[in-house]
Number of protein chains: 2
Amino acid sequence: MASHPFDQALRLTRRPDDSWAGATHPAYANMVGPFGGITAALMLQAALDDPARLGDPLALTVNFAGPIADGALRIDARPVRTNRSTQHWSISLSQGDAVATTASAVFAVRRETWSATEAAMPPAPAFEALPRHPDAGIAAWTRRYEMRFARGPMRIEADAPAASDSVSELWLRDDPPRPLDFASLAALCDVFFPRLMVRRPGRVPAGTVSLSTYFHTDAAGLATLGSQPVFGRAQASHFGLGYHDQSAQLWSATGRLLATSHQIVYFKA
Amino acid sequence: MASHPFDQALRLTRRPDDSWAGATHPAYANMVGPFGGITAALMLQAALDDPARLGDPLALTVNFAGPIADGALRIDARPVRTNRSTQHWSISLSQGDAVATTASAVFAVRRETWSATEAAMPPAPAFEALPRHPDAGIAAWTRRYEMRFARGPMRIEADAPAASDSVSELWLRDDPPRPLDFASLAALCDVFFPRLMVRRPGRVPAGTVSLSTYFHTDAAGLATLGSQPVFGRAQASHFGLGYHDQSAQLWSATGRLLATSHQIVYFKA
């Protein structure tokens with residue numbers, strides 16, 4: 001039985017020195033190096049796979065410090081501090097002597113409390129009512145996600161009109177469909193390409209520098225969702241001096257907020 | 001000449017092993033341990049003070065892993081990777097053998113590019129037109145900031161009515177006034193107390209677990225602002241399973257977006 005390409009990409013083998021051996025996967029290749037979302041997922045997975053891990057992912061920050069070459073990579077993940085109900089991890093990804101990516105993750109034992117949501121899912125056509133976004137042929141990883149845009153598709157044609165805001169709203173699902181888990185949710189949070197490409201159509205060099213994701217569900221809540229599509233919204237708040245930020249929200253099909261994610265993006269324009 | 005308490009709190013002395021010696025400052029004490037914003041500023045300051053530092057702060061993530069006791073502390077800050085125009089730092093704060101806080105910072109050489117802002121400053125009364133928020137007497141650090149609320153003050157009286165959202169909008173200034181710099185901006189981003197205290201009045205145990213800030217200005221742009229007040233807005237998107245997130249924006253008095261900041265907060269309710 002062939003496993004899902006996402007699971008293949010997340011395969012890690014523990015070495016005698018407790019580091020993890022992994023490799024980039026061609027199915028999640030970006031224009032240069034891997035899709036940032038798969039790197040984020042891989043770094044989280046190293047902590048998830050560790051028998052010392054406590055609870056569920058609560059927060060994940062990934063810093064893309066340098067390029068990742070296609071091929072073998074090494075991940076070091078260690079719990080810096082373990083408390084009664086939280087655990088803080090330091091994680092790094094290296095190739096040869098160079099650190100390419102650093103990350104921190106906070107895990108927590110979640111428990112029922114008072115609950116409220118202020119970020120409501122925007123009204124949108126049903127998943128089935130929207131066409132699948134055609135493959136733009138820019139990067140392999142985009143074919144690993146079924147994207148159905150309600151608003152704000154990426155436009156790489158240089159003659160497309162400029163947009164008045166950077167909002168994208170879209171349905172998202174792994175292709176082929178795969179039951180949601182924390183690693184796939186971490187990757188989905190980076191599917192929202194640089195907002196510059198919505199505001200200013202055309203191919204512009206741009207890439208995530210730092211990404212922070214907060215998880216608003218526990219493993220049990222996530223397991224009830226299966227492989228249903230999720231709805232995402234992303235928008236920048238400021239572009240300038242070579243960088244822009246952007247924030248994203250991911251909801252379940254029934255409007256449950258699953259994750260919020262923020263990033264700062266380099267651009268040349 | 002007595003220096004500003006903020007500068008006293010950020011005083012770091014380099015040790016022969018390249019670590020930094022510092023101490024908590026009573027003026028920025030929280031109910032237990034120091035105000036999170038001063039800890040964030042202190043960790044950033046260790047990188048700012050390093051002669052190896054390249055460019056201006058772009059992104060800062062601080063993970064509050066454990067309590068900080070009043071007294072001496074040690075900071076280790078090292079550049080993990082230096083590129084042509086960016087530099088990635090790993091920073092930790094420890095007391096004895098225990099790591100209390102970890103952080104990552106990205107520095108960047110900023111340059112003029114296309115610019116646009118989608119997060120406009122909300123309409124608000126002028127700084128002078130609003131009264132200063134009275135000292136609630138809960139923590140020393142609150143007296144180090146002049147807060148003038150346009151909307152959503154913290155309400156610790158248990159009989160205050162519940163609010164329909166968690167929005168706060170307020171003018172903020174160091175007390176005594178102090179020219180803005182990256183360290184003070186980093187601290188100001190954490191002045192927005194847990195949003196739970198706006199939605200559900202009363203004293204509830206709550207504290208920041210992880211905080212990520214993006215800076216949208218360079219040092220030159222910041223220097224033009226002097227000690228003018230800044231306007232801030234904060235709101236949560238979701239409360240549940242013992243944690244809530246919140247996002248904040250900080251604008252200059254003329255409406256320039258200076259920083260966006262996000263955090264995940266523990267709460268017991």
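Predicted model: local features only at pLDDT ≥ 70, side-chain atom pairs only at ≥ 80, totals over all residues.
**View 1. Two copies, chain A and chain B, related by a turn of 180°.**
Chain B can be superposed on chain A with an RMSD of 0.0 Å. The shift along the axis is 0.0 Å. This is the relation of a two-fold axis. The same surface serves both copies, with 100% of the contact residues of chain B recurring in chain A.

**View 2. The interface between chain B and chain A buries about 5,300 Å².**
The size of an interface is often expressed as the accessible area lost when the parts come together. Here carbon and sulfur atoms give 55% of the buried area. B:Trp114, B:Glu118 and B:Leu241 lose the most area on the chain B side, together 17% of what that side buries. In residue terms, 63 residues of chain B are in contact with 63 residues of chain A.

**View 3. Polar links across the interface of chain B and chain A include 44 residue pairs in polar contact.**
Both residues of each such pair have pLDDT 80 or more. The side of chain B that touches chain A divides into 26 nonpolar, 26 polar and eleven charged residues. Two salt bridges are counted between the chains. In a salt bridge between the chains, the side chain of B:Arg199 meets that of A:Glu118, at 2.9 Å from N to O.

**View 4. B:Leu241 has a positive phi, near 55°.**
Most residues other than glycine have a negative phi. B:Leu241 sits in the loop between strand E12 (238-240) and strand E13 (243-251) of chain B. Its relative accessibility is 13%, so B:Leu241 counts as buried. B:Leu241 is also among the three residues of chain B that lose the most area to chain A.

**View 5. The loop between strands E1 and E2 of chain B holds B:Asp18.**
Phi of B:Asp18 is positive, about 75°, although the residue is not a glycine. The loop runs between strand E1 (13-14) and strand E2 (20-23). B:Asp18 is partly exposed, with a relative accessible area of 47%.
B:Asp17 forms a salt bridge with B:Arg74, and the closest N and O atoms are 3.4 Å apart. B:Asp17 lies in the loop between E1 and E2, while B:Arg74 lies in strand E4 (residues 72-82), so the pair ties together parts that are 57 residues apart in sequence. Both partners are partly exposed: B:Asp17 has a relative accessible area of 46%, and B:Arg74 has 28%.

**View 6. A cis peptide bond joins A:Asp175 and A:Pro176.**
Most peptide bonds are trans. Omega for this bond of chain A is about -5°. A:Pro176 is placed in the loop between strand E9 (168-174) and helix H3 (182-188) of chain A. Chain B also has a cis bond from B:Asp175 to B:Pro176, with omega near -5°. B:Pro176 lies in the loop between strand E9 (168-174) and helix H3 (182-188) of chain B.
The side chain of A:Asp175 meets that of A:Arg132 in a salt bridge, at 2.9 Å from N to O. A:Arg132 lies in the loop between strand E7 (116-117) and strand E8 (145-151), and A:Asp175 in the loop between E9 and H3, so the pair ties together parts that are 43 residues apart in sequence. A:Arg132 is partly exposed, with a relative accessible area of 37%.

**View 7. A:Ser184 lies in helix H3 of chain A.**
A:Ser184 is buried, with a relative accessible area of 1%. Leaving aside neighbours within four places in sequence, A:Ser184 is in contact with A:Phe6, A:Asp174, A:Arg178 and A:Pro179.

**View 8. The side chain of A:Thr24 reaches the backbone nitrogen of A:Gly71 at 2.8 Å.**
A:Thr24 is found in the loop between strand E2 (20-23) and helix H2 (36-48) of chain A. A:Thr24 counts as buried, at 18% relative accessibility, because the cut-off is under 20%. Beyond four places in sequence, the contacts of A:Thr24 include A:Pro34, A:Ile68 and A:Leu73. A:Thr39 is 15 residues from A:Thr24 in sequence and 8.6 Å away in space, C-alpha to C-alpha.

**View 9. Salt bridges within each chain.**
In chain B, the side chains of B:Glu146 and B:Arg148 meet in a salt bridge, at 2.7 Å from N to O. Both residues, B:Glu146 and B:Arg148, are buried. In chain A, a network of salt bridges links A:Arg151, A:Asp165, A:Glu169 and A:Arg233. Over all chains the count comes to 28 salt bridges.

Methods. Residues numbered from 1 in each chain as written. Chains lettered and ligands numbered in written order. Heavy atoms only, no water. Helix = DSSP H or I, 4+ residues; strand = E, 2+ residues; numbered from the N terminus. Buried < 20%, exposed > 50% of the residue type's maximum accessible area, 1.4 Å probe, protein only. Contact = heavy atoms within 4.5 Å. Polar contact = N/O pair within 3.5 Å; in protein donor to acceptor, adjacent residues only side chain to side chain. Least-squares fit on C-alpha atoms with pLDDT ≥ 70 in both. Buried area = accessible area lost by both parts, 1.4 Å probe. Salt bridge = Lys/Arg side-chain N within 4 Å of Asp/Glu carboxyl O. Nonpolar A, V, L, I, M, F, W, Y, C, P; charged D, E, K, R; others polar.
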